[in-house]
Amino acid sequence: MLKLTTAGESHGKCLLTVVEGLPAGIPIDEEEINKELRRRQGGVGRGPRMAIEKDEAEVLSGTRKGITIGSPVCLKIKNYDYSIDRLPELTRPRPGHADLAGAMKYGQGDMRNVLERASARETAARVAAGALAKILLRTFGVEVLGYVKAVGGIVAETPVKEPGEVKRLRDSSSLYCLDKRAEEKMIKRIVEAEKSGDSVGGIIEIMAHGVPPGLGSYTQWDLRLDGRLARAAMAVPAIKGVEIGLGFKAAEMSGSEVHDEIYYGKSYRGNLTGGFYRKTNNAGGLEGGITNGEPIVLRAVMKPIPTLRKPLKSVELTTKEAVKAAAERSDVCAVPAASVVLEAVVTFEIAQAFMEKFGGDSIQETKRNLEGYLAQVKAL
Ligand code: EPS
């Protein structure tokens, strides 16, 4: 079973990622992990902290000569802004942040003790884990891509579906967005928010290509992959909504419009499905909590960052006086960064379901199991 644990505070010494259950025999290139970490640091709208950090993963365990040996892989990301013991107290909770809820839960008058772990800085550790999952899944032709669909109410057109083209467009955009015209407007919106001391949120879309049918299960509620993906996406800081396929739009449509009719053609989709296919993908690649061989499509809504330069009303914890919330250094818009985080957590979740289905302590064993299963699908 693929398992992830992260540790580390925002201004502590470092962040740590421990991934258990990776099969032996996977070459791990640190540069591939670092590429994802750099992407997470980027995007228009990021705050001054990103100019201080240079997120890079150091592999501490789980490999020999750069190849996994089946033991837990531990990665370390150094914090250049290591200042946790010098930072001033925080006693004016920010609405929308974990500050007040965390203070009540952990009995902390100084909410610095809350925000240090609640900070989205922790997502760097999740991106590192996602990069490991990406390397694993790539061996089997699975590719997960995340991009920005909307910022501050400006929605991008995303007619491109071919993964190579999606990646090219996304990687040439300063907002990780596929639509150049929308991108210009989004940037203006972010600059406006910055000028007025405000922040903006948006929508992120994730597509997973080449996923074999049969991941996840309807046999128990917590095995359904749609539920597991939604949980992973909702567990990213600032995410307030998740939809799969048509999502909320399905509520306005009739069944005959929503469901994806079934066709058969021998050479379709590299035979992942043995020839069964759909002309539409309103289900977003999942039926009965199981992948059906079509691409997985998931969207997540990110609220605007709660740390505001022009702060909202709050209460001083020590005196109970009405005050303005603390104004910490922060981002104006972290939707591009969140697209990298969501891509990582969705990749990890798919990898987990993949290993659950195909197992294997070595990559050769996993490959054999997958091939045997695909032959069985073909013979259906
Ligand atoms: C972040 C690092 C943080 C914030 C941001 C995410 O750095 P600092 O708090 O030192 O400026 O920029 O954190 C938040 C948005 C938050 O709500 O905590 C990062 O590495 O992503």
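How far is an oxygen atom of the ligand from an N or O atom in the side chain of His97? The separation is 2.9 Å. This is a predicted model, and the points below should be read with that in mind.

1. **Ligand shell.** There are 13 residues around the ligand. Those that come nearest are His11, Arg40, Arg49, His97 and Arg329. By class, the shell holds six charged, four polar and three nonpolar residues.

2. For His11, a side-chain N or O atom is 2.6 Å from a ligand oxygen. For His97, the corresponding distance is 2.9 Å. Ala120 takes part through its backbone: an N or O atom there lies 3.5 Å from an oxygen atom of the ligand.

3. **Cover and pocket.** On its own, the ligand has 470 Å² of accessible area. The protein covers 92% of that area. The space that the ligand takes up is the largest pocket.

4. **Gly265.** Which loop holds Gly265? Gly265 is in the one between strand 11 (262-264) and strand 12 (276-278). Leaving aside residues up to four places away in sequence, Gly265 touches Gly275 and Tyr277. Gly265 and Tyr277 are twelve residues apart along the chain, and their C-alpha atoms are separated by 7.5 Å.

5. **Ala238, positive phi.** Ala238 is not a glycine, yet its phi is positive, near 75°. Ala238 is placed in the loop between helix 8 (225-234) and strand 10 (239-244).

6. **Lys320, positive phi.** Where is Lys320 placed? Its loop runs between strand 16 (313-315) and strand 17 (322-324). Lys320 has a phi of about 65°, again positive in a residue that is not a glycine.

Methods: Residues numbered from 1 in each chain as written. Predicted model: local features only at pLDDT ≥ 70, side-chain atom pairs only at ≥ 80, totals over all residues. Heavy atoms only, no water. Near = heavy atom within 4 Å. Polar contact = N/O pair within 3.5 Å; in protein donor to acceptor, adjacent residues only side chain to side chain. Areas by Shrake-Rupley, 256 points an atom, 1.4 Å probe, with all protein chains shown as cover. 1 Å grid on protein atoms, 1.4 Å probe; cavity = no way out; pocket = protein on both sides within 12 Å on 5 of 7 lines; lining within 4 Å. Sits in = over half its atoms within 2 Å of the grid points. Nonpolar A, V, L, I, M, F, W, Y, C, P; charged D, E, K, R; others polar. Helix = DSSP H or I, 4+ residues; strand = E, 2+ residues; numbered from the N terminus. Contact = heavy atoms within 4.5 Å.
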